[in-house]
Amino acid sequence: MDRAAAEQRIEKLKAEIWRLNKAYFIDDKTDVSEDVRDALKQELIALEKQFPDLVQPDSPTQRVGAPLDGRLPKVLHMTPKESLTDAFALEELLEWETTMARFLGKETWKCDYECELKIDGLNITLLYAKKSSGRYALERALTRGNGIEGEDVTHTVRTIEGLPLALQTEEKNLPNVIEIGGEVFLMKASLVALNKHLDADDQFANPRNAAAGSVRQLDPAIAASRDLRMLCYSLDRETCDALGLKTHDALLSTLSEWNLPVETHRTVVGSIAEVQKLFEK
């Protein structure tokens, strides 16, 4: 196979592997067996070895890099990370609604509510940077840290197969760096499988601890073996303004269009009473 044919085949393999990964990790659809996905990846590896100049950073073969040789470096966040306020009872939500109406100078206040399942994992910020090709490549992944700076865990977050290494967008007026927030987590079944291979003293007590421990590994190969997942739910203000996004639902739809994984059980309701019904369900 000559170089031109190899380049064409590599692009087809990359697209097909991503399509299958998206179907499995994001859409919960099993189009083919694991053996088929592995065979495609092995063919890609062989071609990239034969033509190393055709290897691109967003190739599925580039998810696992070299281990770090020391502690995780600290990096300043592009924008400070804010905290969420928990509510443990319906009365707290109703009180919040009354407070909002008072702040707005209204006796009554109505809005729609975006409802999503809470994912118990590790908060992660992704930075996608615009390249000369016009594509946005995954540049960095940071933990929340103290909200001002976080730990650089790019080497492990890159191993999450449901996470695109480059964004698919045709928008021309976006900032040079796009900041996306989300949660890295572990499925309960994956925790059971992981603990089976660990000594009793090393086993994880819950999925959140397992996810946090896996993301902070110095060796990305260990993280890659643990079936980490990620769901995204936030986007920086500059990008939202450039896209004209007015609601959180529109934001999530945009992330989904970019092939980023989002919570699929989300729904929009028109009142706190409907929120409560959904919670009870």
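Biologist: What makes the approach of the I222 backbone oxygen to the side chain of S225 a polar contact?

Modeller: The backbone oxygen of I222 lies 2.7 Å from a polar atom of the S225 side chain. A polar contact is a pair of N or O atoms within 3.5 Å; within protein, one must be able to donate a hydrogen and the other to accept it, and residues adjacent in sequence count only if both atoms are side-chain atoms. The value of 2.7 Å is within 3.5 Å, so the pair meets the distance limit. This is a predicted model, in which local features need pLDDT of at least 70 and side-chain atom pairs count only at pLDDT 80 or more, whereas totals for chains, interfaces and linings use all residues. Residues are numbered from 1 along each chain as its sequence is written, and side-chain values use heavy atoms, with hydrogens and water left out.

Biologist: Why is S225 called exposed?

Modeller: Its relative accessibility is 57%. Buried means under 20% relative accessible area, exposed over 50%, and partly exposed in between (1.4 Å probe, protein chains only). Since 57% is over 50%, S225 counts as exposed. S225 belongs to the loop between helix 7 (220-224) and strand 8 (229-235); helices (H or I, at least four residues) and strands (E, at least two) are DSSP runs, numbered from the N terminus.

Biologist: How do you know whether D227 is buried or exposed, or something in between?

Modeller: D227, in that loop between helix 7 and strand 8, has 27% relative accessibility and therefore counts as partly exposed. D227 also has a positive phi of about 55°, although it is not a glycine.

Biologist: Which side chain makes a polar contact with that of D227?

Modeller: The partner is the side chain of R229, at 3.1 Å. R229 is placed in strand 8 and, at 12% relative accessibility, is under 20% and so counts as buried.
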